[in-house]
Amino acid sequence: MSSVEQFTPTVINLTASAVDKVRALKSEENNGDLKLRVFVTGGGCSGFQYGFTFDELVADDDTVVEVEDVAVLIDPLSYQYLVGAQVDYEEG
């Protein structure tokens, strides 16, 4: 009997370090409603720029990815470039 392996792709992966950092920043701001917005801008000669910001508002067309108690927002234009991406945080 053969087994079938199921694969469920995730939109974006956050490492434990990234989740911890976002959690700490939310705590520093004393605002549990903050969500991490990940986006892509640019193109052209220098390629894409990846950006991060905090946002309290979720747009109707945002994709929301929840990892534990951290929510990540991705706008529809950035979505295609971020599918399967990993967000990590390193000191330094």
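Which residue's side chain meets that of Arg23 in a salt bridge with an N to O distance of 2.7 Å? The partner of Arg23 is Glu68. The pair connects distant parts of the chain, with Arg23 in helix 1 and Glu68 in the loop between strand 4 and strand 5 (70-74), 45 residues apart. A salt bridge is taken here as a side-chain nitrogen of Lys or Arg within 4 Å of a carboxyl oxygen of Asp or Glu.

The structure is a predicted model, in which local features need pLDDT of at least 70 and side-chain atom pairs count only at pLDDT 80 or more, while totals for chains, interfaces and linings use all residues. Residues are numbered from 1 along each chain as its sequence is written, and side-chain values use heavy atoms, with hydrogens and water left out. Helices (H or I, at least four residues) and strands (E, at least two) are DSSP runs, numbered from the N terminus.

The search of the whole structure gives five salt bridges. Arg23 also forms one with Asp20, where the closest N and O atoms are 3.2 Å apart. These two residues lie three positions apart in helix 1 (residues 16-29), so about one helical turn separates Arg23 from Asp20. Accessibility is classed as buried (under 20% relative accessible area), exposed (over 50%) or partly exposed (in between), with a 1.4 Å probe and protein chains only. On this scale Arg23 is partly exposed at 29%, and Asp20 is partly exposed at 45%, whereas Glu68 is exposed at 65%. Another salt bridge joins Asp62 to Arg37, with 2.7 Å between the closest N and O atoms. Here too distant parts of the chain are linked: Asp62 is in the loop between strand 3 and strand 4, Arg37 is in strand 2, and 25 residues separate them. Both Asp62 and Arg37 are buried. Through shared partners, salt bridges join Asp20, Arg23, Glu68 and Asp69 into one network.

Four strands form an open sheet in the order 3-2-5-4, with mixed pairing. Strand 3 and strand 4 (63-67) are at the edges and have a single partner strand each, so one side of each lacks a neighbour in the sheet. Direction ignored, neighbouring strands of this sheet are turned by 25° against each other on average; axes are lines fitted to C-alpha atoms, for helices over the stretch in contact, and angles run from 0 to 180 degrees between N-to-C directions. Two strands count as paired if DSSP finds at least two bridges between them.

Strand 2 (residues 35-42) and strand 3 (residues 48-55) are paired in the antiparallel sense over eight bridges. Within this pair, Lys35 is opposite Asp55 and Phe39 is opposite Gly51. The two strands form a hairpin with five residues between them, and Gly43 in the turn has a positive phi of about 125°. Thr41 lies in strand 2 and is partly exposed, with a relative accessible area of 38%. Residues up to four places away in sequence not counted, Thr41 touches Gly47, Phe48 and Gln49, contact being heavy atoms within 4.5 Å. Thr41 and Glu29 are 12 residues apart in sequence, and their C-alpha atoms are 26 Å apart in space.

Phe48, Tyr50 and Tyr81 make a nonpolar surface patch of about 320 Å². Tyr81 is in helix 2 (residues 76-82) and is partly exposed, at 38% relative accessible area. Patches are made of residues with over 30% relative accessible area and no salt bridge, like charges being joined within 9 Å and nonpolar side chains (Val, Leu, Ile, Met, Phe, Trp, Tyr) within 5 Å. Accessible areas come from the Shrake-Rupley method with a 1.4 Å probe, and for residues only the protein chains shown count as cover.
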